[in-house]
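Please look over the structure shown here before reading the comments. They are meant to be read beside it, one point at a time.

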Amino acid sequence: MFERFGRLLHRRRKPLLILTVLFVVLSGAYGAGVFGSLTPLGFQDPGSDSVRAGHIAEKAFPQRTPDAVIVYRDKDRTVDDPSFQQAVVQQLESLPKSEVTGYLDFWTTKMPAQVSHDRHATYVALNLHGSSEKAKEDAYEAVKDKIPAPGLQTLQGGTVPTGHQASEKIEHDLRTAEIISAPVLFLLLLVVFGGLTAAFLPLLVGVLSILGSMAVLRTIANITDVSVFSMSLVTILGLAVAIDYGLLIVSRYREELEAGYSGEEAIGRTLATAGRTVMVSGTTVAAALAGLTLFPSTFLKSMSYGGVAAVLLAVLFSLVALPALLAVMGPKVNAFPLRRKKAGRSAAGEGAWYRFGHGLMRRRWLVVVGAVGLLLTLALPFSKIEFGSINAQQLPSTSEGRQVFNAMEHDFDGDAVKSIDSLLVLKSDGTSKEQGAALKAYAERLGATKGATSARISGVEGTTARVSVTYDGNPVSTHARDLVNRLKDVPEPPGARAYFGGESAVYDDTLDALGETLPWMLLYIAVMTYLLLFLAFGSVLLPLKAIAMNMLSLTATFGVLVWIFQDGHLHNLLGFDPTGNIEPNMPIMLFALIFGLSMDYEVFLVSRMREQYDKQGDSTEAVATGLQSIGRLVVSAALLMCVPLAAIGMSDVLTIKLFGVGMVFAVLTDVLVVRILLGTAVMRLLGRAAWWAPAPLARFYDRFGIKETDMPTETDERVPVTAG
């Protein structure tokens, strides 16, 4: 099928290239506005009780849940100076009512907590118009330049400004990463291919994938919320995966040209071999990322939307646009060489990778023990991971949101809006005598709960009431989470329904939602991966081996991330301030992504080994010759993928930095340690059993399997899959 498809592409190459150019123009024009359609954050479960509590509080007690916290400071005047007050109040009153629904300042509330210790600063709690994160961000965008007061230092923080600043910083960092990555990638591709023309082609596939993914994301954002963080995945994954696939297709096409094939036949053979590998690899990565849609949070769903779009478009352009372009170029793909062409390829049984593979297989037990021991050692810190919610600490210390966060922590007595809040929907008016007594008794029960320091009725509005519970300690600690669950067990007033809100409640609901969904995602990814790898290799053992090695690679990566980002090692070198915890959505997103990409390299390597095994029938020789034919290419692909990942790891946004650093470590560890060292040794331990399948499954694979090639040659003698 793939060979026939390749021949069709060769015959229709010019119309396909015209369609590709048209796609670039349209998707580029439409996708350029994607950032204006994305929403900040999105880490919460939108269906949780804590989010419901936030909606109730916003409607009944908007002054309690500010969207923005604005700090005004003067080095000479104090808040008691009338001119200080006048400057702030006049500026606040000038804000358009269509965008700002209300605000609370110190001169209105008389709350001491709104004045700094030195009395030279105060903060204002500001509420913005809008029923969604995106609507509030739009309102903030309209007024942010009107908030600063003349003659005062003004810092804008809180939920909406911090999210807006994060969006702008991510957009800037992604563009910087692209600018840094492109020339470095091109230079590395020059080294890999040894020619200007061939080096350009994988980059072209990457550009097509990014443009297409941006257009897809903007379309999805018009239907549902999409997190701004998804753009980091689209930009980096689209570029990295597309270059890997483009590298595989171009390399195989040049091999076919070198073997004497040309024109339609060379394209057909390329699609029947490397094309099949790209299809299996891309489908496996996309299937793993699709598992993120099982989670309720906008962040994880958005990562799935962006990641699946980037990978599938990379597959599409690698299998359609790139072969069409190669068909037009023909032998000119080798134009502008930078080094003298070698006399010929290494014969079977020759080459450094062939000898290296045999060396690993001779010392297979030493390699297995050493590699597994190293990976388990790296994984040890993962056992002490601490989760926490995302906040302004993700931003660099120079950002206003981060400075407001630090000011609230150090310059003020306490955040006046910090507590665990029970939002009650009552059966009747809360101001009635009966309901008042019931509310008072309920507050007393909450205050007497273990871990709580006090509880008070902090608001009553019609049939809605709020009881605020104070406590000591970090709001995203295990202590705070346990307190939330104990408070939920406290009996409510008769006929009332309580929804718990506040940072601790959000944190608790987020972990609960992730914990409930995670087993289903793991099951889905394991089943889909097993089925796809069986169809690719026709073996019942190789998919199990791949999944087991993936888990070793993943736990090692998570251990290193905990050691760096939670414990704070290398923070000076990498340029970040450790928070002492890991945002819980990040490991799940990284799990799906790393699992999929690990299978990428598994498919690259084992597909060549399967091709050699079908020809030779000798498992040991198949592993060595397969490694010789594609080992250098796989390492090159991994290094190329690490370039944009390392560039995004330079971001000043902590979440994006963690993503970049984690992915670089995962890719290098997976390819160098897991796939090449450990994988080669394990293949020798399995021997011919690695390719075994029961007779019924062998027949199924022979009929429906996604084989590396179905084109027999004069020397091909196919070996039955059932060979043990």
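The numbered points below go through helices, cores, surface, backbone and charged pairs.

1. Basis of the note. This is a predicted model, in which local features need pLDDT of at least 70 and side-chain atom pairs count only at pLDDT 80 or more, while totals for chains, interfaces and linings use all residues. Residues are numbered from 1 along each chain as its sequence is written, and side-chain values use heavy atoms, with hydrogens and water left out.

2. Helix α11. Helices (H or I, at least four residues) and strands (E, at least two) are DSSP runs, numbered from the N terminus. Helix α11 covers residues 298-319, which is 22 residues. From its first C-alpha to its last it reaches 31 Å, close to the 32 Å expected at 1.5 Å a residue; the expected span is 1.5 Å times one less than the number of residues. Buried means under 20% relative accessible area, exposed over 50%, and partly exposed in between (1.4 Å probe, protein chains only). Because 18 of the 22 residues of α11 are buried, this helix is largely enclosed by the rest of the structure.

3. The largest nonpolar core. A nonpolar core is a set of buried Ala, Val, Leu, Ile, Met, Phe, Trp, Tyr and Cys residues joined through side-chain atoms within 4.5 Å. The largest one has 158 residues, and Leu292, Met589 and Phe659 touch the most other members. Helix α21 (residues 585-616) gives the most to this core, with 18 residues. Apart from this core lies another, of 24 residues, which includes Leu95, Phe106, Trp107 and Leu152.

4. Around leucine 292. What does leucine 292 touch, not counting residues up to four places away in sequence? Its contacts (heavy atoms within 4.5 Å) are with Leu300, Lys301, Met303, Ser304, Met521, Ile588, Met589 and Ala592.

5. A nonpolar patch on the surface. Leu19, Val21, Leu22, Val25 and Leu26 form this patch, with about 500 Å² of accessible area together. Such patches are made of residues with over 30% relative accessible area and no salt bridge; like charges are joined within 9 Å, and nonpolar side chains (Val, Leu, Ile, Met, Phe, Trp, Tyr) within 5 Å. Leucine 19 has its place in helix α2 (residues 13-31) and is exposed, with a relative accessible area of 54%.

6. Glutamate 137. Is glutamate 137 buried or exposed? Its relative accessible area is 8%, so glutamate 137 counts as buried. It is found in helix α6 (residues 133-143). Glutamate 137 touches Leu38, Pro40, Val160, His164 and Ser167, leaving out residues up to four places away in sequence.

7. Two positive phi values. Phenylalanine 336 has phi near 55°, a positive value in a residue other than glycine. It is found in the loop between α12 (321-329) and α13 (352-362), and at 56% relative accessibility it counts as exposed. Leucine 570 also belongs under this heading, with a positive phi near 65° in a residue other than glycine. Leucine 570 is in the loop between α19 (542-566) and α20 (571-574) and counts as partly exposed, at 40% relative accessibility.

8. Salt bridges. Side chains of opposite charge can pair when their charged atoms come close. A salt bridge here is a side-chain nitrogen of Lys or Arg within 4 Å of a carboxyl oxygen of Asp or Glu. A search of the whole structure finds 30 salt bridges. In one of them, aspartate 118 pairs with arginine 73, with the closest N and O atoms 3.6 Å apart. Aspartate 118 lies in the loop between α5 (106-109) and β3 (121-128) and arginine 73 in strand β1 (residues 68-73), so the pair ties together parts that are 45 residues apart in sequence.

9. Further pairs. Arginine 119 forms a salt bridge with aspartate 80, with 3.0 Å between the closest N and O atoms. Arginine 119 lies in the loop between α5 and β3 and aspartate 80 in the loop between β1 and α4 (82-93), so this pair ties together parts that are 39 residues apart in sequence. The side chains of aspartate 567 and lysine 384 also meet in a salt bridge (3.3 Å, N to O). Aspartate 567 lies in the loop between α19 and α20 and lysine 384 in the loop between α14 (364-379) and α15 (400-410), so the pair ties together parts that are 183 residues apart in sequence.

10. A network. Arg252, Glu255, Glu256, Arg269, Arg608, Glu611 and Lys615 are linked by salt bridges into a network.

Definitions and conventions:
Accessible areas come from the Shrake-Rupley method with a 1.4 Å probe; for residues, only the protein chains shown count as cover.
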